[in-house]
Amino acid sequence: MSNENNSEGSAKPSILDTLKANPKVLYVIGGALVVILLALAMGGGGNGEVQVKTAVQVGQTVVVSNPNVGDSQLTAAPGLMNVASGEEENDEQKVCVVKSGTRATVEEESIVGALPFVKLKILDGPCEGKSGWTSKVNVSTN
(Lines give C-alpha, C1' and ligand atoms only; values in the text may rest on other atoms or scores of the structure.)
Protein backbone atom coordinates (compact mmCIF):
# COMPACT_ATOMS: atom_id res chain seq x y z
CA MET A 1 0.00 0.00 0.00
CA SER A 2 2.75 2.43 0.88
CA ASN A 3 4.32 1.85 -2.58
CA GLU A 4 1.08 2.92 -4.32
CA ASN A 5 0.83 6.11 -2.27
CA ASN A 6 4.46 6.93 -2.98
CA SER A 7 4.01 6.44 -6.73
CA GLU A 8 0.89 8.65 -6.77
CA GLY A 9 2.53 11.29 -4.65
CA SER A 10 5.66 11.35 -6.78
CA ALA A 11 3.72 11.67 -10.07
CA LYS A 12 2.18 15.05 -9.20
CA PRO A 13 5.46 16.79 -8.38
CA SER A 14 7.02 15.20 -11.46
CA ILE A 15 4.37 16.72 -13.76
CA LEU A 16 4.62 20.10 -12.04
CA ASP A 17 8.43 19.99 -12.26
CA THR A 18 8.19 19.23 -15.98
CA LEU A 19 5.80 22.15 -16.57
CA LYS A 20 8.05 24.51 -14.57
CA ALA A 21 11.18 23.35 -16.34
CA ASN A 22 9.63 23.44 -19.83
CA PRO A 23 6.76 25.96 -20.14
CA LYS A 24 6.38 25.14 -23.84
CA VAL A 25 4.58 21.94 -22.82
CA LEU A 26 1.92 24.06 -21.12
CA TYR A 27 1.45 26.08 -24.32
CA VAL A 28 1.13 22.91 -26.39
CA ILE A 29 -1.50 21.51 -24.02
CA GLY A 30 -3.38 24.83 -24.03
CA GLY A 31 -3.22 25.01 -27.84
CA ALA A 32 -4.51 21.46 -28.17
CA LEU A 33 -7.45 22.28 -25.92
CA VAL A 34 -8.28 25.39 -27.99
CA VAL A 35 -8.19 23.35 -31.22
CA ILE A 36 -10.47 20.71 -29.71
CA LEU A 37 -12.93 23.33 -28.46
CA LEU A 38 -12.95 25.08 -31.86
CA ALA A 39 -13.55 21.79 -33.65
CA LEU A 40 -16.48 21.01 -31.38
CA ALA A 41 -17.94 24.51 -31.77
CA MET A 42 -17.56 24.60 -35.55
CA GLY A 43 -18.92 21.09 -35.99
CA GLY A 44 -22.23 22.38 -34.72
CA GLY A 45 -25.26 20.32 -34.11
CA GLY A 46 -27.45 19.22 -36.95
CA ASN A 47 -31.09 20.16 -36.95
CA GLY A 48 -32.12 16.53 -37.07
CA GLU A 49 -32.91 16.44 -40.80
CA VAL A 50 -31.98 13.30 -42.66
CA GLN A 51 -31.38 13.35 -46.40
CA VAL A 52 -32.77 10.35 -48.23
CA LYS A 53 -30.67 9.36 -51.19
CA THR A 54 -31.93 7.38 -54.14
CA ALA A 55 -30.75 3.79 -53.82
CA VAL A 56 -30.12 2.38 -57.27
CA GLN A 57 -28.36 -0.70 -58.52
CA VAL A 58 -26.66 -1.52 -61.79
CA GLY A 59 -29.27 -2.94 -64.18
CA GLN A 60 -32.19 -1.24 -62.43
CA THR A 61 -34.70 0.76 -64.49
CA VAL A 62 -35.07 4.35 -63.28
CA VAL A 63 -36.87 7.52 -64.33
CA VAL A 64 -34.85 10.62 -65.20
CA SER A 65 -36.38 13.59 -63.42
CA ASN A 66 -34.41 16.72 -62.59
CA PRO A 67 -35.40 17.94 -59.09
CA ASN A 68 -34.89 21.52 -60.30
CA VAL A 69 -37.68 21.07 -62.87
CA GLY A 70 -36.08 20.79 -66.26
CA ASP A 71 -34.15 18.53 -68.52
CA SER A 72 -31.06 16.55 -67.47
CA GLN A 73 -27.73 16.61 -69.29
CA LEU A 74 -25.92 13.37 -70.13
CA THR A 75 -22.14 13.70 -70.45
CA ALA A 76 -19.34 11.44 -71.67
CA ALA A 77 -17.81 11.16 -68.17
CA PRO A 78 -19.03 11.81 -64.60
CA GLY A 79 -18.67 15.35 -63.29
CA LEU A 80 -17.72 17.00 -66.59
CA MET A 81 -20.41 19.67 -66.49
CA ASN A 82 -19.18 20.82 -63.07
CA VAL A 83 -15.75 21.75 -64.36
CA ALA A 84 -15.33 25.30 -65.64
CA SER A 85 -14.02 24.99 -69.16
CA GLY A 86 -14.52 26.42 -72.62
CA GLU A 87 -17.81 26.01 -74.49
CA GLU A 88 -16.14 23.92 -77.22
CA GLU A 89 -14.91 21.40 -74.64
CA ASN A 90 -18.36 21.21 -73.01
CA ASP A 91 -20.04 20.68 -76.39
CA GLU A 92 -17.72 17.75 -77.15
CA GLN A 93 -18.57 16.10 -73.81
CA LYS A 94 -22.36 16.44 -74.11
CA VAL A 95 -24.09 13.21 -75.07
CA CYS A 96 -27.76 14.23 -74.97
CA VAL A 97 -30.34 16.33 -73.14
CA VAL A 98 -32.88 13.98 -71.52
CA LYS A 99 -36.48 15.08 -70.99
CA SER A 100 -37.96 14.63 -67.53
CA GLY A 101 -39.90 11.36 -67.20
CA THR A 102 -37.64 9.39 -69.57
CA ARG A 103 -36.91 5.79 -68.55
CA ALA A 104 -33.32 4.55 -68.36
CA THR A 105 -31.22 1.64 -67.12
CA VAL A 106 -28.38 2.18 -64.64
CA GLU A 107 -25.08 0.96 -66.10
CA GLU A 108 -22.55 2.25 -63.52
CA GLU A 109 -22.17 4.43 -60.44
CA SER A 110 -19.28 6.73 -59.55
CA ILE A 111 -18.44 9.46 -57.05
CA VAL A 112 -16.54 12.53 -58.23
CA GLY A 113 -15.45 14.75 -55.38
CA ALA A 114 -18.31 14.17 -52.98
CA LEU A 115 -21.03 14.03 -55.65
CA PRO A 116 -22.55 10.74 -56.81
CA PHE A 117 -23.08 10.15 -60.54
CA VAL A 118 -24.76 7.37 -62.50
CA LYS A 119 -24.21 6.19 -66.06
CA LEU A 120 -27.54 5.61 -67.77
CA LYS A 121 -28.64 3.94 -70.96
CA ILE A 122 -31.75 5.75 -72.17
CA LEU A 123 -34.70 3.48 -73.02
CA ASP A 124 -37.12 5.90 -74.73
CA GLY A 125 -37.50 9.42 -76.11
CA PRO A 126 -35.17 11.34 -78.43
CA CYS A 127 -32.04 10.03 -76.64
CA GLU A 128 -33.08 6.36 -76.86
CA GLY A 129 -30.09 4.00 -77.02
CA LYS A 130 -27.54 6.60 -75.89
CA SER A 131 -25.44 6.18 -72.75
CA GLY A 132 -24.02 8.92 -70.57
CA TRP A 133 -23.44 10.23 -67.07
CA THR A 134 -25.68 12.45 -64.98
CA SER A 135 -25.91 13.44 -61.35
CA LYS A 136 -27.59 10.81 -59.19
CA VAL A 137 -30.12 13.40 -57.98
CA ASN A 138 -31.58 13.35 -61.50
CA VAL A 139 -32.86 9.77 -61.17
CA SER A 140 -35.70 8.26 -59.19
CA THR A 141 -36.93 4.71 -58.82
CA ASN A 142 -40.63 5.38 -59.51
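Reply: Val 25, Ile 29 and Leu 33 make a nonpolar surface patch of about 240 Å². A patch of this kind joins nonpolar side chains (Val, Leu, Ile, Met, Phe, Trp, Tyr) within 5 Å, from residues with over 30% relative accessible area and no salt bridge. Leu 33 sits in helix 2, which covers residues 23-43. This is a predicted model, in which local features need pLDDT of at least 70 and side-chain atom pairs count only at pLDDT 80 or more, while totals for chains, interfaces and linings use all residues. Numbering runs from 1 along each chain as its sequence is written, and side-chain values use heavy atoms, with hydrogens and water left out.

The fold comes first, as the pairs refer to its elements. The protein has 3 helices and 7 strands (DSSP runs numbered from the N terminus: H or I of at least four residues, E of at least two). Along the sequence they follow the pattern α-α-β-β-α-β-β-β-β-β. The accessible surface comes to about 10000 Å², and carbon and sulfur atoms hold 57% of that area (Shrake-Rupley, 1.4 Å probe). Of the 142 residues, 19% count as buried (under 20% relative accessible area; exposed is over 50%, partly exposed in between). Among contacts with a separation of 6 or more, 56% are between residues 24 or more positions apart (contact: heavy atoms within 4.5 Å).

Now the charged pairs. The whole structure contains 4 salt bridges (a side-chain nitrogen of Lys or Arg within 4 Å of a carboxyl oxygen of Asp or Glu). Arg 103 pairs with Asp 124, and their closest N and O atoms are 3.3 Å apart. Because Arg 103 belongs to strand 4 and Asp 124 to the loop between strand 5 and strand 6 (131-135), this pair ties together parts 21 residues apart in sequence. Arg 103 is partly exposed at 40% relative accessible area, and Asp 124 is partly exposed at 24%.

Another of the bridges joins the side chains of Lys 119 and Glu 108, at 4.0 Å from N to O. This pair links distant parts of the chain, with Lys 119 in strand 5 and Glu 108 in strand 4, 11 residues apart. Lys 119 has a relative accessible area of 23% and is partly exposed; Glu 108, at 38%, is also partly exposed.

What does Lys 136 meet in a salt bridge? Its partner is Glu 109, with 2.9 Å from N to O. Lys 136 lies in the loop between strand 6 and strand 7 (139-140) and Glu 109 in strand 4, so the pair ties together parts 27 residues apart in sequence. Lys 136 is buried, at 16% relative accessibility, whereas Glu 109 is partly exposed, at 38%.

The largest nonpolar core has 13 residues, and Val 56, Val 62, Val 98, Ala 104, Leu 120, Ile 122 and Val 139 have the most contacts inside it. At least two core residues come from each of strand 1 (61-64), strand 3 (94-98), strand 4 (102-112) and strand 5 (115-122). Strand 5 gives the largest share, 3 residues. Such a core is a set of buried Ala, Val, Leu, Ile, Met, Phe, Trp, Tyr and Cys residues joined through side-chain atoms within 4.5 Å. Val 98 touches Val 64, Asp 71, Ser 72, Leu 74, Ile 122 and Cys 127, not counting residues up to four places away in sequence.

Asn 66 is located in the loop between strand 1 and strand 2 and counts as buried, at 18% relative accessibility. The side chain of Asn 66 reaches the backbone nitrogen of Asn 68 at 2.8 Å, and a polar atom of that side chain lies 3.1 Å from the backbone oxygen of Asp 71. Leaving aside neighbours within four places in sequence, Asn 66 is in contact with Asp 71, Ser 72, Ser 100 and Asn 138.

Ala 76 is partly exposed, with a relative accessible area of 46%. Its C-alpha atom is separated by 5.2 Å from that of Gln 93, 17 residues apart along the chain. Apart from neighbours within four places in sequence, Ala 76 is in contact with Gln 93, Val 95 and Trp 133.

How values were computed
Buried < 20%, exposed > 50% of the residue type's maximum accessible area, 1.4 Å probe, protein only. Polar contact = N/O pair within 3.5 Å; in protein donor to acceptor, adjacent residues only side chain to side chain. Patch = residues over 30% accessible without salt bridge, like charges linked within 9 Å, V, L, I, M, F, W, Y side chains within 5 Å.
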